[in-house]
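Before the discussion starts, please look over the sequence and the coordinates together. The questions that follow ask on what grounds each structural term is applied.

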Amino acid sequence: MAPDGRMFQTGGRKGELHDLRQGLNATTTKERKNALKRTVAAMTLGRDVSSLFTDVVKNTAGDISMKKLVYLYIINYAQSKPDLSILIVNTFIKDAKDHNPLIRALAIRTMALIPLEKITEYLCDPLHAALHDADPYVRKTAAVCVAKLYDTNPTLAVSEGFIDELRQLLADGNPMTVSNAVAALSEIAEASNNPNLLPLSAQTIPRFLSALSECTEWGQICILDAIGSYTPTTSDEADQMVERIVPRLQHANPAVVLAVVRVIVRLMPLLDSQEKRDFLVKKMSAPLISLLTTPPELQFVALRNFSLLITDYPHLFSNDVRAFFVSYADPLYVKTEKLNILVRLTDEANAEDVLAEMVEYSGEVDAQFAQKAVASISQIAVRLPQLSGQCVNVFSDILKRQMPHITGEVAIALKDVLRCYPRQFEEIVPQLCQYSELIEDPNAKSALVWIIGEHADRLPSAVSMLNVIVDGIHEETINVQQQVLTACLKAFVLCGPEAQAVTKRMITYATEESESIDLRDRGFIYQRLLEHGVETAQKVVLSNKVGIDHSQSRIPADLSKKLLDSLSSVASVYHQSPHLFQGVRKRMPITSEVDESMAEEDLLGLEPTVEEPGENFTHPAITDGSSSVSKPVGDSLLDDILGGSSDLRALPPPSQNKINTGRSLSLEGLLNPPNKSIHSSEANDMLLSAEEGNGLSIHGQLVARTTNSLFLLLKLHNVGQSPTCDFAIQLNTNCFALKLAAPMDNINIPPGKSASIEVPLHVDGEADEAKGFELQVAIKFSPGGIVYFAVDLLKHLSVFMDRKSGPMEKPSYLEAWRKVPDYAELSTTINVNSDMANALGRISETFASAGIFTVAKRAHVKPPVMYLSSRFIGPLNCVIMAELTLPLDRGTGVGKISSRSTLPAEMSKPALTRFNTICGELLR
Amino acid sequence: MVASSIFILDSRGKTIISRNFRGDVAMDVINIFKQRVFEAQDDSQITPFFRHDEKGITFIHIRHANIYLVAVTRRNSNATVILTFLYKLVQVFTEYFRDVHEESIRDNFVVIYELLDEMMDFGFPQISESKILRKYITQDYRVSESTGVLPVAATNAVSWRSEGIKHIRNEVFLDVIEKVNILVSGSGNLLRSEIVGKLVMKSYLSGMPNLKLGLNDRLQFEASAARGGPERKGKSVDLEDIKFHQCVRLAKFENDRTISFIPPDGTFELMGYRLNTQVKPPIWVDAVIEQRPTRVDYIVKARTQLKPRAIAKSVKIAIPVLPDVDTPSFKCTSGRAKYAPEKDVVVWSIKQFKAGQEAVMRGHFSLPSIGKAENRENATKRPISVEFEVPYFTISGLQVRFLKVVEKSGYQAAPWVRYKMVAGDYQIRMS
């Protein structure tokens with residue numbers, strides 16, 4: 001038999017397609033099979049062989065190996081040949097009834113992968129059968145198929161009851177079927193943002209735990225990941241869970257080990273005995289260290305995760321420092337990560353060993369790694385004052401080696417150390433200067449010049465060195481020039497007349513010769529400063545240095561917590577918010593045909609719409625901070641806008657987050673995107689002018705971040721002359737029962753600067769309806785005293801619509817509707833965008849993400865009508881109900897919304913006016 | 001949850017195999033990966049992870065021989081699962097066609113597509129036991145056990161062993177292989193010594209045998225004593241961490257340190273273990289370099305620090321030399337030395353190196369008079385590396401005490417145990 005490899009080489013020849021076509025229609029099976037292979041090979045290389053579709057499809061009747069090739073081909077080209085694909089439906093259906101379980105599974109697996117509606121329609125019957133197939137191989141395949149179907153057509157997946165059938169599979173006797181059902185349900189739960197889909201409770205958890213030991217390694221990971229999101233209610237329960245999963249730490253698969261660690265770390269805070277927690281930390285340490293004997297790519301993931309773990313468990317590896325010593329054979333990315341861990345594990349006990357290693361690394365051939373090693377030493381020095389002396393001695397040793405790329409790096413590293421511990425290690429300065437001619441890199445040179453300037457009075461050669469540098473100042477980069485200028489001034493202030501000449505030369509260069517505006521400005525400033533006398537200059541240039549924040553490179557606490565929750569994930573490797581990695585699910589638009597096929601619903605007593613996918617999969621709006629840079633603009637936009645992000649640092653400036661669909665633009669203004677508001681004050685309302693605010697102007701707005709968690713975002717601008725501090729904030733009682741969740745952070749705003757703060761709010765105060773839709777706020781600060789302002793809650797009404805509540809029950813909806821007198825109803829005509837009007841599903845989707853839920857809809861009456869409900873969060877416990885009449889004939893046109901509320905009469909009208917406007921904007 | 005698609009690329013970045021599992025990424029995204037990898041200035045710039053922010057996708061890849069295995073995901077997937085899965089692919093391919101490289105991937109592309117289809121569904125890893133896969137993925141691949149019928153074991157709790165296996169002679173072989181990782185500083189201090197061991201089993205047993213393995217593991221002794229078993233005497237070993245094959249009952253091990261399992265048929269790695277103990281480096285090397293303007297002399301001394309009667313075999317000591325040396329000449333008291341200019345090392349090989357023996361190698365090189373002292377300085381910063389193996393010996397002292405085989409047909413099976421120590425990451429820094 002000729003090796004198949006040759007098939008890859010036939011490319012480019014004229015008539016290749018013709019040859020293949022002949023082969024596919026040949027009389028002998030052998031020839032046909034051969035042609036099939038060549039077709040698939042060509043497809044893999046990216047050549048277009050779609051024109052052979054009909055010829056390929058003819059070969060489905062062959063044996064299983066040919067079938068597999070044909071199916072592989074079909075998956076690739078079905079979408080581009082939708083009409084022809086229908087031809088093979090019959091084959092699929094026939095195969096789904098084959099006596100061989102492999103073929104039955106293959107048929108449904110392939111069918112489910114083809115995102116064509118006409119195929120999925122035919123998938124339902126075989127899939128129902130497959131979920132109850134006698135053979136577990138077919139059942140486990142079918143379980144995954146449900147997730148696929150949900151991905152392409154969620155409506156169908158729900159309406160056909162596949163989700164329920166999937167849940168039944170959780171009790172299947174076959175471990176692989178169970179783990180695939182868990183995987184599929186977790187996936188659907190995530191996509192629909194319905195975490196309750198997978199029943200996790202004190203009753204079901206033990207069942208999952210016992211399935212654990214029977215599953216394949218991959219199945220174990222699925223189950224561990226799934227039960228990781230369950231929070232036990234008692235410490236005993238947590239104890240039992242831990243006990244059941246701890247043995248898995250001994251599994252040979254690193255992914256299983258990390259999945260176990262992830263669950264343990266989540267359960268850890270729930271355990272009541274410190275002894276137990278210590279035991280677990282000890283228990284985890286050895287298996288984690290063993291991950292360092294895996295291939296380098298896995299080591300890399302492990303090391304990135306370790307740095308998350310040691311933030312919370314600093315003693316996890318305290319006995320294993322040597323395991324992180326770098327091997328010469330490690331790739332650079334592993335070496336760098338080991339170095340990072342070493343820096344953080346260093347303490348007085350192991351300092352000698354670690355520093356000796358760093359010295360060794362600083363001599364490595366790989367310049368990049370050697371430089372990182374030097375930088376690590378300074379990080380240790382800055383982090384641990386008691387070791388700083390030792391570190392400086394190490395620098396002195398390294399300098400003696402006179403290696404150019406390292407000497408420069410030592411200068412940069414020393415700058416940090418000297419800045420952190422002023423006047424403590426001056427003896428190293430002359431030594432560094434001795435090797436100054438080795439320093440070429442501009443950054444290193446800047447650092448050197450800074451050091452010379454700072455220590456000019458203790459360094460006899462300072463002035464002469466500056467003279468040499470100023471001689472060649474033309475050749476330096478602008479950053480070095482600026483440093484030289486400042487250093488000269490420092491030297492002049494510190495050494496007096498001796499440095500006068502060089503300072504003058506440098507200032508002359510800066511103000512007269514240089515073409516850089518920055519340098520010239522600085523030159524002029526210094527010139528005038530000196531005109532005020534040396535003392536003034538001294539005050540400025542020798543002012544206290546801002547200390548070095550060694551925690552700077554650390555991950556913020558809230559992000560760190562999120563990352564620990566998603567240990568072993570891509571986000572945990574990048575140390576970036578997991579939300580940035582949650583790509584959008586590819587969603588097929590729910591077309592009008594789907595609407596048509598949906599059952600008619602009558603308000604009076606038909607099946608509830610809760611299960612309807614139109615709402616089921618629109619909940620992502622509720623997700624916590626789902627804003628993502630990478631998301632393409634589309635249906636997910638709502639998620640972006642409403643979700644907001646608690647990790648604003650990870651977001652790009654809003655300009656990059658351009659939103660360009662018309663519908664979204666209107667939404668944007670409406671729903672107060674929090675990420676926008678932080679970056680640009682324009683989006684905020686002016687709440688208090690500087691005159692009224694005693695020198696403090698305040699802009700701000702209310703936003704909902706995660707579900708029902710509210711924030712008052714304030715931007716405080718200090719226009720006064722003196723710094724403001726000692727801030728405190730207080731809210732008056734109000735209709736939505738808003739209350740401070742935490743006192744205001746203590747901030748300090750220098751004159752002319754602004755600060756943005758977030759005040760977390762709760763809605764568990766007392767509702768005070770007398771205040772109307774006004775939130776009165778008082779801010780106290782010194783020196784301004786107390787200032788008052790009000791936030792218009794009506795404007796922020798959308799923030800209070802509960803996005804979690806779901807639609808009202810039909811009977812109570814009807815009852816509530818009838819209770820409101822007809823005259824209290826508010827009707828507004830609205831313009832409806834034609835795209836929207838064509839898809840009721842999309843309307844419910846859009847509305848649900850804004851907290852307005854569809855109670856029922858009548859798609860087939862003319863004009864179509866939808867019944868909506870929206871509940872307010874908090875103890876106010878009020879509901880707005882609305883009847884939305886869409887334009888006749890479903891084209892663009894004028895519709896009508898009539899709404900009623902259970903609010904007190906005087907509040908009802910403004911609220912309904914606002915509500916109707918919101919709906920109108922959503923539909924535009 | 002996991003991979004959207006998987007690609008196998010050749011050394012020039014051309015796609016050999018591509019499989020789209022979820023349809024949520026376009027298949028041409030692989031070009032982004034190619035660009036990033038092949039435009040990188042040197043290998044050190046390449047990390048296993050690449051992220052393309054605008055498209056919101058992450059590439060995760062490993063390299064094996066001259067191919068790249070790349071997984072693409074657009075979610076916050078489990079990175080460890082993806083990487084272990086890619087390594088699993090290589091393992092399964094290896095078991096199918098021995099050498100995995102560009103040519104063998106091309107030659108076997110049909111079976112690879114089939115395997116991918118079987119091993120991953122919608123991005124979720126599925127069946128990855130090659131012993132089971134081989135029972136039914138046999139396309140164009142002549143495997144004697146080919147049946148084309150799905151084995152029951154595929155989805156079973158015991159997913160690694162088929163029922164009804166028959167062997168004429170029931171035998172089981174156990175290889176205990178210990179890798180010793182050593183790091184010695186330039187001043188001769190032992191910085192790190194670690195033993196990474198594994199037990200590789202070859203089982204040729206009929207039916208569904210239940211095996212129980214006894215080691216001289218200290219905790220196993222203690223657990224057995226606690227259960228009222230006989231007090232054990234003799235040396236025991238403290239294993240720091242143990243990793244088991246899927247087949248071992250982990251809960252039982254956690255309870256009473258008993259290692260019990262139903263083995264797969266054929267060869268598999270039963271367990272791996274690791275211990276960090278201060279051990280005497282089995283082979284000690286000292287190198288002295290005398291560098292003069294036009295020549296450089298190496299005097300390298302090696303000696304064994306083994307138990308009496310142990311013999312180190314196939315010893316290879318690689319000593320780094322300056323990159324611009326020429327006209328080498330060597331004198332060795334035992335073994336042979338050879339200059340390997342492509343790696344800038346001298347490899348000194350000794351076939352048999354007995355316990356307590358010492359050997360010296362003297363090497364002389366000429367140096368061109370022009371040469372950068374700095375380059376020469378750097379060259380000596382590389383460590384000496386040592387390879388060797390010592391049969392019938394474990395440095396940790398681990399011993400197999402028993403291996404009980406229980407099968408309902410009641411046959412007897414004698415276990416055969418072999419021990420071996422090999423050098424792992426064994427480095428001695430030059431002073």
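What follows is a set of questions and answers on how the terms apply to this predicted model.

Q: What does the predictor itself give for the complex and for chain B?
A: The complex receives an ipTM of 0.91 and a pTM of 0.73. Chain B averages a pLDDT of 88, and 94% of its residues score at least 70.

Q: How many helices and strands does each chain have, and what makes a run of residues count as one?
A: Helices (H or I, at least four residues) and strands (E, at least two) are DSSP runs, numbered from the N terminus. By that rule chain A has 42 helices and 13 strands, and chain B has 8 helices and 23 strands.

Q: Why are β4 and β8 of chain A placed at the edges of their sheet?
A: Three strands make an open, antiparallel sheet in the order β4-β7-β8 (chain A). Both β4 (725-731) and β8 (785-792) of chain A have a single partner strand, so one side of each is left without a neighbour in the sheet. Neighbouring strands of this sheet are turned by 20° against each other on average, direction ignored, with axes taken as lines fitted to C-alpha atoms (for helices over the stretch in contact) and angles running from 0 to 180 degrees between N-to-C directions.

Q: What makes β4 of chain B a mostly covered strand?
A: A residue is buried if 20 or more other C-beta atoms lie within 10 Å of its own, exposed if 12 or fewer, and partly exposed in between, with C-beta atoms placed from the backbone. In β4 (residues 57-64) of chain B, 7 of the 8 residues are buried. Over whole chains, 49% of the 924 residues of chain A count as buried, and 42% of the 431 residues of chain B do.

Q: Which hairpins involve β4(B), and how many bridges does each pairing have?
A: β3 (residues 49-52) of chain B pairs with β4(B) in the antiparallel sense over 4 bridges, and Arg51(B) has Thr58(B) as its bridge partner. This hairpin has 4 residues between its strands, with Gly56(B) in the turn at a positive phi of about 70°. On the other pairing, β4(B) and β5 (residues 67-73) of chain B are antiparallel over 7 bridges, Ile60(B) stands opposite Ala71(B), and the hairpin has 2 residues between its strands, with Ala65(B) in the turn at a positive phi of about 45°.

Q: How is chain B divided into domains, and what is known of the contact between domain 2 and domain 3?
A: Chain B is divided into domain 1 (5-155), domain 2 (171-279 + 395-428) and domain 3 (283-391), with bounds that come from an automatic or database domain assignment. The C-alpha centres of domain 2 and domain 3 of chain B lie 35 Å apart, and 7 residues of domain 2 are in contact with 10 residues of domain 3.

Q: How many residues does each chain bring to the contact between chain A and chain B?
A: Chain A gives 91 residues and chain B gives 76 residues.

Conventions. Residues are numbered from 1 along each chain as its sequence is written. Chains are lettered from A and ligands numbered from 1 in the order in which they are written. This is a predicted model: local features need pLDDT of at least 70, side-chain atom pairs count only at pLDDT 80 or more; totals for chains, interfaces and linings use all residues. Two strands pair if DSSP finds at least two bridges between them. Two residues are in contact if their C-beta atoms, placed from the backbone, lie within 7 Å. pLDDT is the predictor's confidence in each residue, from 0 to 100.
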